[in-house]
Amino acid sequence: MDDLLDLRPRQWNLLVLPDRYRNRLLTATAHLAVNGPLIVLDCGRQFDSSMVARAAHGRAEFIDQIKVQRAFICYEAVKLLEKTPVGKTPILVLGFLSTFYDENVKMHTRKFLLESSIKHFERLSQGAGLAVTIHPPSPHEDFYLFQRLRSSASQVLVYGTSMTKAQQMDLF
Amino acid sequence: MNQYSGWLLDIYSHTERGVVLWLLCDDGQRRRFRQDFPVTFYAAGPSERLRGLWKFLERQPLRMELSRDERRDLFSGSTIVLAATIESPCALPPLFQMLTRYFPDLIFYNADLHVALRYAAIYKTFPLARCHVLADEQDAIHQIKVLDSKWDIDHEQPPLRVLTIEPDADPFHNKPGKIHLRSQKNNMTLDLEKETPLLGLLGYLLKQDDPDLIITTYGDTWLLPLLLNLSEKRDHPLPFNRDPDGQVSYRKERSYFAYNQVIYRGQQVHLTGRLHLDIRNTVMYGDYGVDGVLEMARVTSLPIQTVARVSPGTGISAMQIVTALENEILVPLRKEQVERTKTASELFHDDMGGTVYDPIIGLHEDVAEVDFFSMYPSIMVRFNISPETVGTEKKTFETAAGLTSVVKREELGLIPQTLAPLLEKRFDLKSRVLSMSKFDCRYKNYKAQAAAHKWLLVTCFGYLGYKNARFGRIEAHEAVTAYGREVLLRAKEAAEDLGFRVLHLYVDGMWVQKPGSRAAQDFQPLLDEIKARTSLPIALDGIYKWVAFLSSRWNKKIAVPNRYFGVFQNGEIKTRGIETRRHDTPAFIRETQMQILEALAKASDAKELKDRLPEIRRLIREKQTALHSGHIPLEKFIVHQTVSRKLEDFKSPSPVSTALEQLESAGKSLRPGQSVRLVYTLGMPRARAWDVGTSLDPRRVNIPRYRRLLSRAVDTVLDPLTGGGRSWLTQVEQLVLDL
């Protein structure tokens, strides 16, 4: 079992992961679904259902424990959070900041939406556990958004600054 | 009151109130009219925030009428809104910018719409519409009536006066010295260095000819800014604007990410009272020319100068906005609906895209290509797929196999309502084109119109799923592909039931073969059967004398969808996915591959292909000799590549980053989305920017690299023809290996 997604009640974890961790993240997602229902809010086109299905060995009873919704713009990301109730189901938000780097949306609007999101994260963290993943910002992405989110999380876990060993991808 | 009739050239906001309209009147005059045209925008949200907005708007120094209203949101139905009406449409954009800053939590409707679209929704106007106008002595319009329809095919053509201005060189490559001007009456060349006569003669020409349409080359990005700066510096006004009160407006250049690629739009220069098109900054100009631009403007209702410079997606969005306004549906800034919750399996099943059936690799004779007519738009219209009709609770009619959402049928959706007349017009145009001679004077215009429609229809499907679409919804996007998959499978079953062999399926097209079937009428029963089983229009694209489906370059056993070349019975060559179609293929390689195909096209059937080999062998030898002896012009080695990122974002050196670096040193820069021209060179650096400014020593061209590219292009078109034995191509193969 991968300890990448260690979801605990009444706490929200911010995971800073480079793209190369995507397979591992989705495998961990499939493993979480083995234990019970899971809500996935995909805000960064991260969720690959075929990859999750492979990680769950194609077993529909596990795959269908995962309820997915996707957001393609930052407004939708906030709407998804707004509509998600606090309950007994753990929540995983994937690639959260990706839509916030959209330069078509004015910075003051993005900041406003981020503040709304943080309030929702605090609300949702009162349930069965919340993990939010983001990728490390590239030099041209706004560092403010990253820092603001980072400063509001209960726990921040940063991965991939240096790889300790080469990783073999799972065949199945 | 005076009455006028003519063609509506342009419409834009007046600087104080209402709108300005320009009419090309039947008496030959170009008249400017004014009309009061108040515009209304709406806001929805919590009552206390709407009260706050009301107070905020009351404090603004604008004449504004505020009211509480109930309007229809496409998704949530009847919605309580604050309605604000202002007399001056041009005051709305700055006001709205302020509102989004102070009220980011409110939903705004009809707040950022082009005034031409608002006007079109009320008066049914469109660019170059025939209009009848009743105006007072001050040229204020009291009544306007449109006399034709945007859906007419043989509409009366306006007598546009055209002036073309073209520099004698590409300004990015070399500094131009002269500009050539051509109009119906005049033809002259002006020296850019001699500023006084340049400004004098150009000003005279603009006044004398009074063109309606100025077509330039590099006008947006270089020529007009240069001339206008010069006119200001010399205090010699150039009447580019016909409107004496109008301003030349500039739109900044920008790069953005769409359709999985970086797209660049250059700076734009818009005129008032006349139109300016820069052919280098006009989207799809190469595909459909000025006729296509004018048709785009007609069907989308966007002003001609705007539509020429925006993507077809913006065009389809404009059409949807007009439909919404006509139906009194609120137009949001962006979609407010989120995707419904799906299980991971549902997501997997719904999000599958189109059907592709890998081709059977190799050479095939007497193959028919049948295509559904604008398949995805036809599906949207036939099955009423629209963001508000998909995903309803009640199952009311058939659903496509594998579709977990259901589609509401009772009321025609916004998208089908928008697309139906466009589809009908395109169908009519295509039928006319098929039955007319290429020498008919209408042929070129019809083809251009059909090409413009094609791009709108191609985009309308993507726009359903596009993140920034106002009326998009991912479930609707998925529903279209689900129907598409079902339809194609039904077509395949029909073909197999009638004894055809299906060689390839690709989203909306099918390649079939049956011994003895080689005439159009042999395939008619199949078309009839497919239409009966799918209820969608389908047509025979053509019958190939022979067609070759290609394998992967890396593994000859793996077929590559939509990568083929073939020759139709009328001798027309069709290629997809090979070097001739790629933008990054140097002209020398593209021409050689095309010449080989032309030589092969002379064969009346596949068996005669071998007779073409001596000619091909000669051709390759000539090219090889020319390459080694330096007889290929340097321009033909140019490789065009799209800049995908800023120079500082390149992590490792590549030909593009090398070329960008060289350009930067020469004081020239390119933005992501622009095309960089380079030549592969020997030694370090491995590439040289073509536009760097100094001439390239021919001895530095990396001939071995171009030889490899040539060899690959020759392989592409000769490999599938060798079949299993490869005996009849031995000599050519040897030659290719020699290369």
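This is a predicted model: local features need pLDDT of at least 70, side-chain atom pairs count only at pLDDT 80 or more; totals for chains, interfaces and linings use all residues.
View 1. Helix 10 of chain B passes helix 11 of chain B in a left-handed crossing. From helix 10 of chain B, the contact takes in B:Pro377, B:Ser378, B:Met380 and B:Val381. They meet B:Ile415, B:Pro416, B:Leu419, B:Ala420 and B:Leu423 of helix 11 of chain B. By class, the residues of this contact are 8 nonpolar and 1 polar, with no charged.

**View 2. Helix 15 of chain B packs against helix 16 of chain B.** Helix 15 of chain B spans residues 587–601, and helix 16 of chain B spans residues 613–628. Their axes lie 9 Å apart, at an angle of about 165°. Helix 15 of chain B is therefore roughly antiparallel to helix 16 of chain B, as angles over 145 degrees count as such. The crossing is right-handed. Helix 15 of chain B brings B:Phe588, B:Thr592, B:Gln595, B:Ile596, B:Ala599 and B:Leu600 to the contact. Helix 16 of chain B brings B:Glu615, B:Ile616, B:Leu619, B:Ile620, B:Lys623 and B:Leu627. The contact has 8 nonpolar, 2 polar and 2 charged residues.

**View 3. B:Thr716 is a buried residue of helix 18 of chain B.** The helix runs over residues 703–718. B:Thr716 has a relative accessible area of 6%, and under 20% means buried. The side chain of B:Thr716 makes a polar contact with the side chain of B:Glu579, at 3.2 Å. Leaving out residues up to four places away in sequence, B:Thr716 touches B:Leu550, B:Arg563, B:Phe565, B:Ile578, B:Glu579 and B:Gln593.

**View 4. B:Arg298 is a buried residue of helix 6 of chain B.** This helix takes in residues 285–300. The relative accessibility of B:Arg298 is 3%. B:Leu223 is 75 residues from B:Arg298 in sequence. In space, the two are 28 Å apart, C-alpha to C-alpha.

Definitions and conventions:
Residues are numbered from 1 along each chain as its sequence is written. Chains are lettered from A and ligands numbered from 1 in the order in which they are written. Side-chain values use heavy atoms; hydrogens and water are left out. A crossing is left-handed if the near helix is turned anticlockwise from the far one by less than a right angle, and right-handed if clockwise. Helices (H or I, at least four residues) and strands (E, at least two) are DSSP runs, numbered from the N terminus. Contact means heavy atoms within 4.5 Å. Ala, Val, Leu, Ile, Met, Phe, Trp, Tyr, Cys and Pro count as nonpolar, Asp, Glu, Lys and Arg as charged, and the others, Gly among them, as polar. Buried means under 20% relative accessible area, exposed over 50%, partly exposed in between (1.4 Å probe, protein chains only). A polar contact is a pair of N or O atoms within 3.5 Å; within protein, one must be able to donate a hydrogen and the other to accept it, and residues adjacent in sequence count only if both atoms are side-chain atoms. Axes are lines fitted to C-alpha atoms, for helices over the stretch in contact, and angles run from 0 to 180 degrees between N-to-C directions. Angles under 35 degrees count as roughly parallel, over 145 as roughly antiparallel, 65 to 115 as roughly perpendicular and the rest as oblique.
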